[in-house]
Amino acid sequence: MDERTRRTDDEATPNFRPIAPAPIIETRRRRAGRAVVGLIVLIGILFGTYELVHTFRTTQPAAGRSQQLAAAQSVGAATVGQGDIRVVVNALGTVTPLATVTVQTQIDGQLLSVGFTEGQLVKKGDFLAQIDPRPFELQQAQFEGQLARDQGVLAQAQVDLARYKKLSEQNSIAQQQYEDQVYIVQQDQGTVKLDQAQIDQQKLNVLYCHIVSPVTGRVGLRLVDPGNYVQTGNSTGIAVVTQMQPITVIFPVPEDDLPEIMPQLTAGTPLQVLVYDRANVKLLATGLVSALDSQIDTTTGTVKVRAQFDNTDNALFPNQFVNAQLLVRTLTNVITVPTAAIQRGAPGTYVYVINANDTVSARPISVGPTDGPMAHVKSGLSVGERVVVDGTDRLRDGAHVTVPTGGSPSPAAAAPANPDQAPAAAPAPSGPTPDAAGPAGPAGTRNPAGQPHTRDHSQNRRNNSGQ
């Protein structure tokens, strides 16, 4: 057998070498899928357990809140009554004196002395300062001598005139000579008058050297010391005298209030003005309206009012900022309710009325002017009804309430004892702020932002919110 035949047989013989088995891919994929399914099931079990526990915990507080809301709430109450309500215009004013005079010299000269103490109260005509009068006294003596000479010339001219008149009647002199003498006498008379005027001018200058107070008031700080040379062109002056009694307060009022103010001023009805300090607590003075400005300020829409005060106790000081209250009119025997009971929300202005079965109902009302802690109710309430004044934050329509003993003050007790006292601020609402589950108004109404409505105790500058 040759080489080719042997090679061919060898190639045709099958290869019996062992072959490595293929990797078991399918088995591994099945195990990974089972692990993922098991993990998902475990996560589901854990999540379900968490939800059950969380639901169980949150159910108990919700039930507690429901029981709390169902329980009666302790509130403060007040009885609706009748009374007088003042319609007042509130404004910021400035104390303005009737006269503020800067004492200045009317002549030039040296200031010799000052006759006042800084801050002293002086009367009209009291001595304030002295300027050296000697230069003017010398000029006065000079003009007096000139007057004496000119008076002699005039007397001589008058004698010649009388003589020429007789001669003219006898035709002894020319008529022109007589007429010339008449004009000479008139010229000498004019010279004498001029000399007399110059003398009077110097007397006036000597009088100006003695400076007196032009008004009754308080002298301010001294502006010039003795020894200085003062001149009429100096605008500083020697001192400032301010009239203190009487004194005025100027304050602006809205132009919308003029229809109520003008008829009373035209009829001569005195309008009372109360002035309080800067903190609007202490009553400083009581006066009357004395004048009204002639035009409205277009930038602010207000008109200035001047009120005059006696100020006998000097409680008002010039340029002091005060709070003015102009009493426009008084509403008598009207239905009144404490301002603390008034709520504002989506249905408008309302109050919580306490029913006979100790439940509350939200009732819309129409509010008129406000006078301190009391407000005028135009409609919606009757005399004798009880309203909630404290604890309204968590109330809802139909909620049960309890009023502690002595918790229903009468309207007279809520009103200020003295009408001249400053109006007290509305009390802040008591209790915590209602949460999302609590109501904020009638039937649980809320504003568009989802927040509960709260009471609005802010008052307009003119406390006539219902008009």
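A salt bridge is a side-chain nitrogen of Lys or Arg within 4 Å of a carboxyl oxygen of Asp or Glu. In the predicted model described here, glutamate 385 forms such a bridge with arginine 363, and the closest N and O atoms of this pair are 2.8 Å apart. Arginine 363 counts as partly exposed, at 25% relative accessibility.

The structure holds seven salt bridges, among them one between arginine 163 and aspartate 160, with an N to O distance of 2.9 Å. Both of these residues lie in helix 3 (residues 134-169), where they are three residues apart, or about one turn of the helix. An α-helix has 3.6 residues a turn, so residues three or four places apart point the same way. Arginine 163 is partly exposed, its relative accessible area being 44%. Another of the salt bridges joins aspartate 132 to arginine 134, again described by its closest N and O atoms, which are 2.9 Å apart. In this pair aspartate 132 counts as buried, because its relative accessibility is 11% and the limit for burial is under 20%, while arginine 134, at 54%, counts as exposed.

Helix 5 (residues 258-266) has Leu258, Ile261 and Gln264 as its buried residues. These residues lie on the same side of helix 5, because they cover an arc of only 145 degrees around the axis. The cover over them includes strand 12 (247-254), strand 14 (283-292), strand 15 (302-309) and strand 16 (321-338). On the face of helix 5 that is turned away from the buried side, the exposed residues Pro259 and Thr266 are found. Helix 5 is followed by glycine 268, which has a positive phi, near 85 degrees.

One aromatic pair is present in the structure. The ring centres of tyrosine 350 and tyrosine 352 are 5.7 Å apart and the ring planes stand at 90 degrees, so the pair is edge-to-face. Tyrosine 350 is buried, with a relative accessible area of 2%, and tyrosine 352 likewise counts as buried, at 1% relative accessibility.

Note on methods. Residues are numbered from 1 along each chain as its sequence is written. This is a predicted model: local features need pLDDT of at least 70, side-chain atom pairs count only at pLDDT 80 or more; totals for chains, interfaces and linings use all residues. Side-chain values use heavy atoms; hydrogens and water are left out. Buried means under 20% relative accessible area, exposed over 50%, partly exposed in between (1.4 Å probe, protein chains only). Helices (H or I, at least four residues) and strands (E, at least two) are DSSP runs, numbered from the N terminus. The arc is that of the directions from the helix axis to the C-beta atoms. Contact means heavy atoms within 4.5 Å. Rings of Phe, Tyr and Trp (its six-membered ring) pair if their centres lie within 6.5 Å; planes under 30 degrees apart count as stacked, over 60 as edge-to-face and the rest as tilted.
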